[in-house]
Amino acid sequence: MSGHSTYQPQNKFLQWFEKRLPIGGLIHSSFVAYPTPRNLNYWWTFGGILSFMLGVQIITGIVLAMHYTPHVDFAFKSVEAIMRDVNYGWLLRYLHANGASMFFFAVYIHMFRGIYYGSYKEPREVLWILGVIIYLLMMATGFMGYVLVWGQMSFWAATVITNLFSAIPGIGDPIVTWLWGGYAVGNPTLNRFYSLHYLLPFAIAGVVILHVWALHVVGQNNPTGIEPKSDKDTVPFTPYATVKDGFFMVVFMILLAWFVFYLPNFMGHADNYIPANPAVTPAHIVPEWYYLPFYAILRAIPDKLMGVVALFASILILAFLPWLDTSRVRSARYRPLFKQFFWLWVVVCIGLGWLGAKPAEGIYVILSRILTVYYFAFFIVVLPLLGIFEKTKPVPNSISDAVLDGKAKA
Amino acid sequence: MTTVSSAEHTRRDFLYIATGAVGAVGAAAALVPLIAQMNPDASTVAAGAPIEVDLAPIAEGQIVKVFWRSKPIFISHRSKKEIEEAQKVNVGTLPDPEPDSARVKQGHDPWLVVIGICTHLGCIPLAHQGEYNGFFCPCHGSAYDTSGRIRKGPAPKNLPLPPYQFVSDTKIRIG
């Protein structure tokens, strides 16, 4: 759904250029005239926030790379040098480290919003799957970036995560040796992680372009979950969405700045300020907070192979969401039962995150198992059955009807 | 370009398939160096040569850690009690059944030599800890006994034995 481009540059040079490369018209139809549902709320501003955060990570990352040394003997020292010697190095590194956390925070809100309003449903399946791919790439990138610091947590995170592949029957061990480039995590591992950590953000940017392209083909979903039917249901992207996105981006930047300037190590681990030591595993190793729910699922299952399978399944199952949810009504607004199961699922995800940070013993393991069961049941039992049994509320005729109806009541 | 659909196989079909096949072989051949470069390089392999360890200074009850191929090797000089504990276990009840005699060299019962990497996800277990008084992995709670066998927790296998032999009564060669 591209906007009716009325782009007619006045400037002679731009007219000459537009005939040869119509990029002005593309930008105008995609980000100015593009019709956007008139009822989008602030949960829809996170796509813009995520694009902004990707830019922040790439820019701070490129300058950090100018001062970082990917070698086991120098990596930790070069990071400390960035913190102490490089001009504004502390700011750039704290922005990059906390930026990664905020990037994940924003992507989780973006994903929860997509699930709540049924944004993955027909015809937005490809759009949703591209999003899942972006999320997977983000996880790989975030993990490898964390390893580059080469502290104790970095080293043991690299060891534990690469060892996940050793669970593959038969070829697991050769794969792990291949990933390491040695007999354990070492210099070759650090070097290749650095190379890939630099590459993957650009791969993410590429998939983001596809994601936005797919979005502009099928159009945005909206809180009612019904498609715009007339011009009355939409407003032009600029100024309406631009200003709304911009405002909330600034609000989000306040949150980021609060962490960067007041709590820069809040989301880190003290152990990562100890240089990597291949001879000693820290007493309590945990991943970064944004991986904790999956870590809890891994530990909930007492079998090594099945634990790893469950870990990967818990992420990949998202890609099948468009077909697991059988309901024809998109938005949770009109799905009273789905709404309850959804919020329970959100609580379960947060609960798994909390459990992932706890030691793997006693009551924590039992709770992890219960929550893991619900995590999967939501996808493979609740969603398929709700489509059949749930009695949905009447859906409004159009977006403008819903909006004006709300106004009338207020 | 117009395409004529015909049920018959033409020489053009053959050329398409032959060209595609050559292209696929070429792409597969190009992948070989791209994938192989990630495996351990010559210097890493060379540094993995066997090492000799003198056992004389290791007191009874002591566990020393040496590195071979970047992996920590635990050399445990087991006490009488530890050996007994390891031997009296009913092998059939173990998750990864192995008698203690298969874990040590014949005639060298006091010496347990294992790779000190938890078979779950690769953390280094702590020595002389855990329910079975052998090794305990702090990462995900796997407990090993005094023979390095998995007894409890998510690890699927016993601590692996490195290839080693006794060069003399007080010296081993690992590798």
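## Helix 6 of chain A

Helices here are DSSP runs of H or I with at least four residues, strands are runs of E with at least two, and both are numbered from the N terminus.

Helix 6 of chain A covers residues 125-148. Its 24 residues should span 34 Å at 1.5 Å a residue, and its end C-alpha atoms lie 35 Å apart, which agrees. The expected span is 1.5 Å times one less than the number of residues.

## How to read the model

Residues are numbered from 1 along each chain as its sequence is written, while chains are lettered from A and ligands numbered from 1 in the order in which they are written. The model is predicted: local features need pLDDT of at least 70, side-chain atom pairs count only at pLDDT 80 or more, and totals for chains, interfaces and linings use all residues.

## An open sheet in chain B

Three strands of chain B form an open sheet. Their order is 2-3-4, and the pairing is antiparallel. Two strands pair if DSSP finds at least two bridges between them. Strand 2 (63-68) and strand 4 (111-115) of chain B each have a single partner strand, so one side of each is left without a neighbour in the sheet. On average, neighbouring strands of this sheet are turned by 20° against each other, direction ignored. Axes are lines fitted to C-alpha atoms, for helices over the stretch in contact, and angles run from 0 to 180 degrees between N-to-C directions.

Six bridges join strand 2 of chain B to strand 3 (residues 71-77) of chain B. I63(B) stands opposite S76(B). W68(B) has K71(B) as its bridge partner. The hairpin of these strands has two residues between them, and R69(B) in this hairpin takes a positive phi near 55°.

## A second hairpin

Strand 9 (residues 164-168) and strand 10 (residues 171-174) of chain B pair antiparallel over four bridges. They form a hairpin with two residues between them. Q165(B) stands opposite R173(B) in strand 10 of chain B.

## Domains and the contact

Chain B is divided into domain 1 (8-39) and domain 2 (45-174). These bounds come from an automatic or database domain assignment. The C-alpha centres of the two domains of chain B lie 49 Å apart.

The contact takes 26 residues from chain A and 22 residues from chain B. Two residues are in contact if their C-beta atoms, placed from the backbone, lie within 7 Å.
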